[in-house]
Structure formats: C-alpha cells, structure tokens
Amino acid sequence: MPVEVIMPKVDMDMAKGRIMAWHVAEGDTVAKGDPLFDIETDKAAFEVEASDAGTVHHLAATETDIAIGTAVAWLYAEGETVGDPSATVQSAAVPEPEEREPSVEAEKPAEPPAPAAPTPDTEKTRATPRARALAREGGLEIAALAGTGPRGRVQAEDVRATIDHAPNAATAAPTSFVPDTGALAITRKEGEGTPLVLIHGFAGDATAWAPLEAHLKGRALIRIDLPSHGKSPKQRIGGFPALVKEVRHAFDALNLEQAHVVGHSLGGAVALALADTRPRKVASLTALAPAGLGPQIDGAALGGICNATRPESLAPWLRTLVVDETLITDAYTRIAFAPRNDPALRAAQAAMADALFPDGVQAFDLRAALQRLEVPARIIWGKRDRIIPWQHALQAPGRVSLHLFEDVGHLPQIEITAEVGKILQSSL
Amino acid sequence: MNAETKIESRELSYAEAIREAMDIALSTDERVVLMGEDIGVYGGAFQVTGDLVEKYGEDRVMDTPISELGGAGVAVGAAMTGLRPIFEFQFSDFATLAMEQIVNQAAKVRYMLGGSVSVPVVMRFPAGSGTGAAAQHSQSLEAWLGHVPGLKVVQPSTPEDAKGLLLAALEDPDPVMIFEHKILYKMKGPVPAGHYITPIGKAAIRREGKDLTIVGTSIMVHKAMAAAETLAEEGIDAEVIDLRSVRPMDRETVLASVRKTGRLLCVYEGVKTLGVGAEVSAMVAESDAFDFLDAPIVRLGGAECPIPYNPELEKAVVPQVPDILDAARKLATGAI
Amino acid sequence: MDSIDDVANAPYAIRHYAPETLKDALRKMFLIRKFEEGAEDSYTRGLIHGTMHLSIGQEASAVGSCMALTDEDKITSTHRGHGHCVAKGADLGKMFAEFFGKETGYCKGRGGSMHIADPGKGNLGANGIVGGGLPIAVGAALSAKRLGTGAVTVCFFGDGANNEGAFHEALNMAAVWKLPVVFVCENNKYGMSTSTERSTAVANIADRAVAYAMPGKTVDGNDFSAVAESVDTAVARARAGEGPSLIENVTYRWRGHSKSDRNRYRTKEEITDWMARDPIPRMARLLIDHHILSEADVDAIEAEAEATIKDAIAFAADSPDPTVDAVTRDVYTDEIAA
C-alpha cells in the first residue's frame, strides 16, 4: 500500500502551509530522509524529508494553501500499482484522499488540525493604553494599526511609526521603477576550503565586504547581491519569504557541497532562513547584527538612507550605523552613495523597505528559526547598535555563540574588522 | 535647635543612624521613652539601641518582659496620655502577637473617639529575610499594617532616611510603624548630623530614567539600583523610585514617573499577592497615568510560601537582581 | 445625732465621705440606672443602631470605684461601660447623642456605645475588645509615673477578660514597674454565656493577684461602701508609689450580655435572686439609715435623674447626623490622602 506524505504541522498555531518548491519530480525514487519539498508557513520555511523510501507520485501543487494533515504526495513501493492522482491537492480545494487509511504505519502528525482559533478580526484589538491614547490624539483607528508587541499588541511605537511615516510616504515617495527579471548577481573570489557565502544588509551590496575580505585571505568567497541591490535585478519583493526565495534560488544554483554562510543585518536574517531550510548545505552560520529577531528597528534611519538623494543627506544616517563616527569619511560616504545615484534603485529599495519594515517595524520573525537552528552558529553584535537592539541576540539558544562587543554599533565588519575576521577564521 | 548650623554629614550604618535619631529624641524630649525586649544592657537583638541605656537609664530605655501584646498596649496607653514611646519589636514577625493593640487600638482610637485623642506611638519592626532565621523571623508584614487606616507605615532604605523617618515619626501625632530591613542594619551611608526629618508619605527618586519605572521598597531599592546600572550598560534607562512610605503612599511621584516612562515594574519583598506592589499597580491602573502605560505592569514579590531556611531557597523566594534585570529587559524591549 | 461609737462603727462610706458626696454618688447610681433604661427604651423604639451592653445591677461597682478619682486620674473601661462614663462625670446628652449616632456625640457618631470616651474627664474610653483596655491602662500609669503627674488609673474589666493574655501581661508589667494602676474586675459571673466556674481555674479572680505579687481582694460589688473602701485603699496605695492592686467586685448584670441574649445559660430564679440585691435601694437605705437623706430626698433624686435622662435623650434626638463627606475625618490628625 502506498505511504501518504502529508502537509506536516510544524508550528504551534499553524493550520495550513504552502509548498514553495518540490525537490523531487513525479516518479522519482527517494530514500528515507531525502528532502522532498520546502514549505512555508506564515512564520518560517521548512524542508520536509521523506519518511520512507519509495517512488513519489501525485505531487500536490505548489503555492497553494494546504491544510495540515492533508496528503501532498504518495510513496509507492517497488512494483506497486500507481493509483488515482486526485488523492493529493492539485488546487486550493482540498479533496479527500480516496483511501481514507492508506497506511497505519504512516507517520502522522501528532495533532489533528487545531480547533479554529479566534480570528483576529472578531477579537478586540490588543493595544496598550498609551498606544490607544496616542491613536486618539493622532486621529487613528487603533484597529487599523499593525501591532508589533507580544500577541500582536499595538504599542506606542507602532502608533508613532504610523504617524511619523504617514507624511513621509506621501512627500518622499520614491519614483517608481520597472521590475527586472533574472538571477541575482553573484561575485566570487577564488580560494581554499569550503567557501564563504556573504550576504550583505539592506541598502548595501557585495562591495560592503571588502574591508573584511582582507582578513579572510586565501578563502573561497561567494558574494550574493540581494534583489534590488548592487548588480542584482530590481524586483518587487512582497515580503520576507519572497526575498528568501530569491536568495535560496541563487544559493541552490551554486550547487555547493556545503558553504559557510555569513550575513549582515537583513542579510543576517536571510542567512538564518537559509540555514533553517538548507541545514545540510550550511556548514556554519555567522549573523552580524541580524534582523528578524524582534520588532524594533530604527525606521527613521532606514527611511533616511532610502530617501537620501545626495551624499550630504546620506552621511548623517550612515553615522548612526557606527559608534566611531570618524569611520564615516567623505570617501566612504561617496562610495556608499555611488549606486544610490540611481533613482530606480532607491525606489526599488524603498518599496522593499516598505514591505519588510512597514511603519519602521520588522514585519518578519525568525525567532522560532533561531531556536531550532542546528547548524553551528554565532551571532556578532555591537552593544551600541542604534539600528537594531543588540538585546535581540539574547534570545539565542545556548548552542549559538554570542560575540557581543561593547563600543560597537551596527557595522561590526567595518568597526572591528580584524575581530570579526578572527572569529570567522577560527571557526572555519 | 540651631536651624542655621551648617549640616555636616558622616558615614553611619543604618542601625547607628536609628540609634542617633533615638539619642536626639531622648536628649531633647523628656516624653520620649524606648520600650522593647532586651533593648537595655543587651543593646537590642540587632544592637540598634546599643548603649543608650547607659546614657538615659532604665526608666527611659525600658526592657519589657516578653509580652508583645501587653508591651505594645502599654506603649499605646502611654502615647494616649502624654509620653512618646518608641516600641521595638524584636522581630517584625512578633507583631502578630500584638495585632490587637496595633490594629484595634492604636489605629482606631482616634477615629472611634471622634478625634478627641491621638496616639503618637512609634513602633519599629526589624523585618525581612536573608539572615537564615526562617519562617517566623523573616517576614515582611508591612502590607498587613499598610492595610489599616489610622496607621502610617514607612520602610526606610538608607541610613539617612532611617534617621529622618524616625524623627519624623516622633513628630507625627499618629501611630507610625517603621519597617526596618535587618540586612540593611549594617549598611553604611551618609547621614546628616543633628535633627532633620524625612517627610512621611514622600517617595524618593533614586535614579532618573526614561525607559521604565522601577518602584521598590526597602532593600529592593538597592537591588533595583544595581539592576539599573547593568540595564544602563545595555541601553535601558530605568528610573528607580524608593517608595519609602507604604501608607500614605506617594501617588504623585509614582504617577509622574509612569507618565514619563510608560512602563512599571514593582519590586517588593513581601508576598507578591495582595502586597505593596499590588497597591502601587492598582494606583497606577486607576489613575490618569493608565493612558501612558505601554506595557502590562509587572510585579516582582515574595514567593507564595513561608521564608525557607536553606540559604539557596531563602534567596529564591524573594526577588534578586537577576530577576529584576530579566523583568526590566522584557518590559523595556516590549517582550511582555 | 449619732454617738461617736456609732460613727466609728458606721460603714466606710459614711465615715469617709461628706453627705453631699454621698448624695452625689447615689444620684450617679440613679443616673446610670435611668440611662440604661432610657437606652433600652430607645433601642426598643428603633432609635439606636447596633447593639449595647447594659450594666443595670452593677451601679455600685462603677460609682464606688471612682470615688477617689479626680479628673486628672484616668479610667479605662469595657464594652459594658456606660456606668463608668457616668461615674467619671460624663455628659449624658453627649452620651445619648453618641448612641444615636449623632455629630454631637462623644465620638461624633463614629464610635457608638462601645467607644464612649471623655478624655477631658480622664476617661480613656470604653473598648470593644475584651481585655483591650488592660495594657492601655498600664501605659497610662506609666505616663503618670514618668511625667510625675501623680495620677492613678483605674482599669475596669470583666470576668471574661481575666482569661485573656492581655490581663496577665498587663498585671505583670504593672507590678514589675510598680505603676499607679488599680485593676477593678467587675465579676458579673458570666463572660457572655460562660460562667466563671466553667471558664476560670481559680475560685476568685482576685486570687490571681498572688501571681503578680500585688494585693488582691474580693468585694461585694453591690455594696457601695465596700467597693469604695477597697478601691480607695488601692488608689491610695498606687498614689503613694507602692504599685498596683487587683480588686474584684462581685456583681450581676440583670440584663443579657447584649440585646440579642436569650438568657439560656441562667435561671429566672438566679436573676430574681440577684435583683433582690439591687445596689441602689441598698445605697439609699444606707444613706437614710445614717440620716443623710430622707425617703423623700431619694425619690426626688430619682425623679431628677429621670428628668435629666429625658433631657439628654431629647438633646440627642434633636442633634444633627454627621455628614457622609466627613466620614474619613479623624482617621489621622492631619488629613492625608492614603
């Protein structure tokens, strides 16, 4: 009898998931433990492995919501007759599999789908008294605000962000851009050993790694430019999962045995997502001041950098990134500004910032991914980071190393390049 | 008194500061008498009265029999009829033996008698855990007495306030209960010389900050201050308020701080449920400062059990610096 | 006129007090009786809130125990304390007003029957807690000794209080410190419903004085002269700095413990027997026999007492009620927002 492959429940409050990509094709033979498909929930991405060996048939459609516990494929033993494909999800509608009990041995998720949780729409909006008071003063509907506090609670900063950003969005709205297609830009530096894959932060590009590379002599390096950054195509990125999907595609296409993944800020979050979904491919993870571990981020600085149309208006924002402001020399500012001379790039990045950090808040959450991280990992952070609070690092489980530096800001790879280089070298 | 005399300040221990206050009172006011168990030649269980008996004699520094109810009642009766007794309970726990006189008599006499009599008695209660004295010698019962209209209840946290609040209590026409923390007796700090008072009912802002308000009482003020230093290194700017007075409570100082920071953490050693922090929290929640709250109020108080003997257990049942740090970080980063 | 021998053999009261003083004592006993009856009547008419504890039958103890006291001397009293107030010279109108819960009452309507005090007359107050006044009396005596006022405190308490810890602690401290206090136990046989036989290990409460190294004496509490003689002696001893004494006035309350008492614990015969030993006619007889008063004088005193009580009740009834907005006044000397 064929063995059912189901949409697993991987998150406490998960009711459905969607398959982002299949690693196998109809009729492929798989061994137990082989990766079958990637799923994405509203919180994180997962790789699902085969619970059994066999030939895969009746693959469910990708990019479609599928209720947990539903069959998404069937594994047939050698010689078994392949049955009716309607047993798996081919569209958003979820049909019942023909065989109701295909296999008693099949590993089932422990829990049936949870009873419907109260939907946020019908619940009263969670908001702090101060947020309510600010909203009243600002003439805002509290229910219309996105809460970044625990359980979605609207806090004062959420209201302030909305108030602060409302006029900006209107006046400083960047010019539109025409989305490109194509693969992300990859640049390489030949060298020894398992390569390092470097993922820069928001508003940066592959050149940001240059100072650090001096401390990584002899290592094979691969830099990825994020969408709408550096030499990569300008794309409409609807949210963090879409961003990760693009980077994952690029990473998969590298076809590496393994890589040490290093990411900074937003790139740190992407690196963490990669490590989460490609644990076997990621030899180690190094996240520098990573995003994704809490709601706070300096929305004003993000906006300021996005909107700067000349070096003079960029420099003050760049200075907020570091502790020792003398690091932000005129030359540095000019180099940093050079690519930003392109209004389309600025517009694409502003649109991306709006999707990833609406109202100056980190709209994605990788805290669960951090908790279940299995690859060797370390977080490097400056305790005077003004962009993202370094305390986010404190949520890391014990097996993740923390390297916290006293008088360092958001750019450890620039501010304490040698230290970061040493940490990387020692763990490669 | 020489009001114009320049006030000098010396380092005194909390116990020495209390003794100095009593010394000043005994030397300037014939009506003042000290009463308590073993406060004479023994010097008091915590050596607070020390050698005052040698200076003022046994008629004014009176050893009482081990009769807490009777002793407290004598102090009440004496206060009603012209004396200014300072009654020392050997341990605050023993006040349970005298609750009748404290709660039914001292607190209510003035009201019951239509205001015709005042009871200017001062009672001192060595309180709190940390000495390994276990369940019947380590309690923090200030909330018990704070619950009784007619009493005033204070908790000095520094030597300066220990002296100032005792001198203020002696000037007060109504019964004042002073909860002294046993662990603080040896703590040193600057104490102005001569006579001065620390007003009853007035909190002290020990550290200004903008990110959250920590309201502490007694020894917890010191723990909150230690936590605030660490928090500052992490970029969290905590305001620390020393409540000082449980009844009357300084509403304005607490509310003003909460209006500023939007976050409130109450830290007290007494049992958490129905404790001092419950009152502080309720006071804020019922006030206009409610509209300024940007996170739930958090209370750290004693565990729901008697104070245990084992030193590790004893530490575990009252808030410690790491507990304050943890709660403050969560509050300040919006994690609660 | 009596012969010298007759005077020498006359009871203590006759020998020691001027006729006017004795007449006034009888007047006070009548006032107490009429006060209690007036209170009972008012209660029946619904004019009094709560409950009350009447001391009808115990008038000789109250008045006899206060004979040697001045306004400087203190008393502490009990829940059955109306008689002590009257004996210490309280204003009856203010007493009734307090009963009626009026602003003009001794406690401005905040205390009621159980908390009447008159500090100006040395009355530190009745007490709702059995034994509550004992340590307070010792404290008052301590003040007198320390401040050298020469004042003596008479501490009234009932037989019930002698089994409270406060009794033992208070007597011990008074003795240890040789304080000017006289402990007057009004033994009316029952602590609520429980008789002294069932509750108290010693035959006489005065026997307990031995434990605290002070004189103890059991007296017929319905005999004004005997009470006055014993308490006067104790007050003199206290005033002389020789320390405390314990006097036990054996008496009886005619009424129940409080208004809700159904008298199940004692017999009609017992009550009738004690009513036959009414201290007031006994006092009147003493004064008549010694030619201090005539029958007609006694009747006049009684009538006058009755009129005084009527006026007092009228004053109380006409007095204003306290206002609710001032309900927290007098919790503290200086109003505080607690």
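**Reading an interface and a sheet**

Biologist: How many salt bridges are counted between chain B and chain C?

Modeller: The count there is 2 salt bridges, a salt bridge being a side-chain nitrogen of Lys or Arg within 4 Å of a carboxyl oxygen of Asp or Glu. Arg146(C) and Glu30(B) meet in a salt bridge through their side chains, at 3.7 Å from N to O. This is a predicted model, where local features need pLDDT of at least 70 and side-chain atom pairs count only at pLDDT 80 or more, while totals for chains, interfaces and linings use all residues. Residues are numbered from 1 along each chain as its sequence is written, chains are lettered from A in the order in which they are written, and side-chain values use heavy atoms, leaving out hydrogens and water.

Biologist: How many residues of chain B are in contact with chain C?

Modeller: Contact means heavy atoms within 4.5 Å. By that rule, 46 residues of chain B are in contact with 37 residues of chain C.

Biologist: In what order do the 7 strands of the open sheet in chain A run?

Modeller: Strands of a sheet pair through backbone hydrogen bonds, either parallel or antiparallel. Here strands are DSSP runs of E, at least two residues, numbered from the N terminus, and two of them pair if DSSP finds at least two bridges between them. In chain A the order is E9-E11-E10-E12-E13-E14-E15, with mixed pairing.

Biologist: Why is one side of E9 and of E15 left without a neighbour?

Modeller: Strands E9 (186-189) and E15 (401-405) of chain A stand at the edges and have a single partner strand each, so one side of each has no neighbour in the sheet.

Methods. Helices (H or I, at least four residues) and strands (E, at least two) are DSSP runs, numbered from the N terminus.
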